[in-house]
Amino acid sequence: MDEYLQCLYNYILEVRRDDALRKLPEYRMERISLLAAMRAMDAALSEEQQKIVNRYLSCQSRLSVLEDEWLFQEAMALGKWLARP
C-alpha cells in the first residue's frame, strides 16, 4: 500500500471507525459480550492453554489486518474507477 493510502487507511481505522462504531448500541453490546467471554475463558483455561489461545488470537488478528487492508485497497480501486470521467 502506498504512503497516501496507508495514511488514509490509518485515519479511517483509528478515527472514523472508532467514532462510528462506538455510537452503535449493537457494537457496544457485542464488545461487552466479548470481554465477558474472554474473562470466562481465561478463568477456565490453564496457563498453557491461555498461551495457545493467545497465539491463535494473535495470528487471527494479523490475518484480519491483511484482509482489511486488501478490502480497503479494493474499495479505493473501485472508487477511483467509479470517479473516472
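**The salt bridge and its surroundings**

Reply: The count of salt bridges comes to 1, in what is a predicted model, under the rule that a side-chain nitrogen of Lys or Arg must lie within 4 Å of a carboxyl oxygen of Asp or Glu. The partners are E47 and K51, whose closest N and O atoms are 3.9 Å apart. In general, side chains of opposite charge can pair when their charged atoms come close. As for the placing of the two partners, E47 and K51 are 4 residues apart in helix α3, so about one helical turn separates them. Their accessibility is given by relative accessible area: E47 has 59% and is therefore exposed, whereas K51 has 41% and is therefore partly exposed.

The helix that carries this pair, α3, spans residues 47–83 and packs with α1 at an angle of about 110°, the two axes being 11 Å apart. That angle makes α1 roughly perpendicular to α3, because angles of 65 to 115 degrees are counted in this way. The crossing in which α1 passes α3 is right-handed.

Y9 counts as buried, because its relative accessibility is 5% and the cut-off for buried is under 20%. Y9 and D68 are 59 residues apart in sequence, while their C-alpha atoms are 9.5 Å apart in space.

I12 also has its place in α1, the helix of residues 3–22, and its relative accessible area of 33% makes I12 partly exposed. Together with Y11 and V15, I12 forms a nonpolar patch on the surface, and the accessible area of these residues together is about 240 Å².

R31 is partly exposed, because its relative accessible area is 40%, a value between the cut-offs for buried and exposed. Along the chain R31 and Q73 are 42 residues apart, and a separation of 27 Å lies between their C-alpha atoms.

To return to the part you asked about, the salt bridge joins E47 to K51, with both residues in α3, and α3 is the helix against which α1 packs at about 110°.

Methods: Residues numbered from 1 in each chain as written. Predicted model: local features only at pLDDT ≥ 70, side-chain atom pairs only at ≥ 80, totals over all residues. Heavy atoms only, no water. Patch = residues over 30% accessible without salt bridge, like charges linked within 9 Å, V, L, I, M, F, W, Y side chains within 5 Å. Areas by Shrake-Rupley, 256 points an atom, 1.4 Å probe, with all protein chains shown as cover. Helix = DSSP H or I, 4+ residues; strand = E, 2+ residues; numbered from the N terminus. Buried < 20%, exposed > 50% of the residue type's maximum accessible area, 1.4 Å probe, protein only. Axes fitted to C-alpha atoms, helices over the stretch in contact; angles between N-to-C directions. Parallel < 35°, antiparallel > 145°, perpendicular 65-115°, else oblique. Left-handed = near helix turned anticlockwise from the far one by under 90°.
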